Amino acid sequence: MSKKPKIVAELGRPETPAETAARKAENSRLYKSRKTINNLVYSLLVTVGLVAVIYFLVPRADGEPNWQVDYVAQSEIASTSLGESLLVPAMPEQWRANAAELRNATNGQVTSWYIGFITPSDKFIAFNEAFDANETWVANELKDYPATGTVTIDGQQWTVYDNRSMNDAGNVEYAMVTTLGRSTVVLYGTADDAEFEQLATSITADLRSAQ
């Protein structure tokens, strides 16, 4: 005895073979669509979980950097290495150093004693002292910007490079250069005139006594 075709309520009659095939195809499509959405949600949850793990595992500094470079101690090491007596600015504790090291010029002919200062106004001034430096070294330090004038601080004359009107001056917004004997000192940065003058004054006496 053959099985009677099942009557579909919506149709009020048995499905035709074509209708059965169409229904199965639609059910398959809906299943695949739901599976795709589920996979996307699962992938998103996994990604969020990984980001959270990385966030909590990677150590992060709290607040602003606390510059603690002891440039006075570094100057003793650098002086021994270079075989020269180096200038060491005596700055108030509000001045912080973020670097202190000997640096070699790209041509290898000039080695300079470098200190990076963060000023009390949170600006930057780089201090460089080189022995027997040439004009090429100075030009490279100051990105070939031309001099704009001179200023005398504590009896010592400095050549000034005021690039504050330029949009792309970077850390060389303002610079000062002086030479006495074998020592050439280059200061450059983003601080104001008063902070540059304070740094320049701090080394004047030592600069003269070293000659």
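Me: What makes something a contact here?
Reply: Heavy atoms within 4.5 Å count as contact. In this predicted model, helix H4 (residues 193–209) lies across E4, E5, E6, E7, strand E8 (174–180) and strand E9 (183–189). H4 runs at about 165° to E9, on a scale from 0 to 180 degrees between N-to-C directions.

Me: And which strands does helix H2 touch?
Reply: H2 (residues 71–82) packs on the sheet against E3, strand E4 (111–118) and strand E5 (124–131). Its direction makes about 175° with that of E4.

Me: What makes E3 and E6 edge strands?
Reply: The open sheet has seven strands in the order E3-E4-E5-E9-E8-E7-E6, with antiparallel pairing. Strand E3 (96–104) and strand E6 (149–153) each pair on one side only, so they are called the edges.

Me: How do you know that E6 and E7 pair?
Reply: Pairing takes at least two bridges, and five join E6 to strand E7 (residues 156–162), so the two count as paired. Thr152 stands opposite Gln157 in E7.

Me: How do you know which strands E5 pairs with?
Reply: Count bridges again: seven join E4 to E5, and seven join E5 to E9. With at least two needed, E5 therefore pairs with both E4 and E9. Ser112 stands opposite Ala130 in E5, while Asn128 has Val186 in E9 as its bridge partner.

Me: Why is E5 called largely enclosed?
Reply: Buried means under 20% relative accessible area. Eight of the eight residues of E5 are buried, so the rest of the structure largely encloses this strand. Both faces are covered, with Phe124 among the buried residues on one side and Ile125 among those on the other.

Conventions. Residues are numbered from 1 along each chain as its sequence is written. This is a predicted model: local features need pLDDT of at least 70, side-chain atom pairs count only at pLDDT 80 or more; totals for chains, interfaces and linings use all residues. Side-chain values use heavy atoms; hydrogens and water are left out. Helices (H or I, at least four residues) and strands (E, at least two) are DSSP runs, numbered from the N terminus. Buried means under 20% relative accessible area, exposed over 50%, partly exposed in between (1.4 Å probe, protein chains only).
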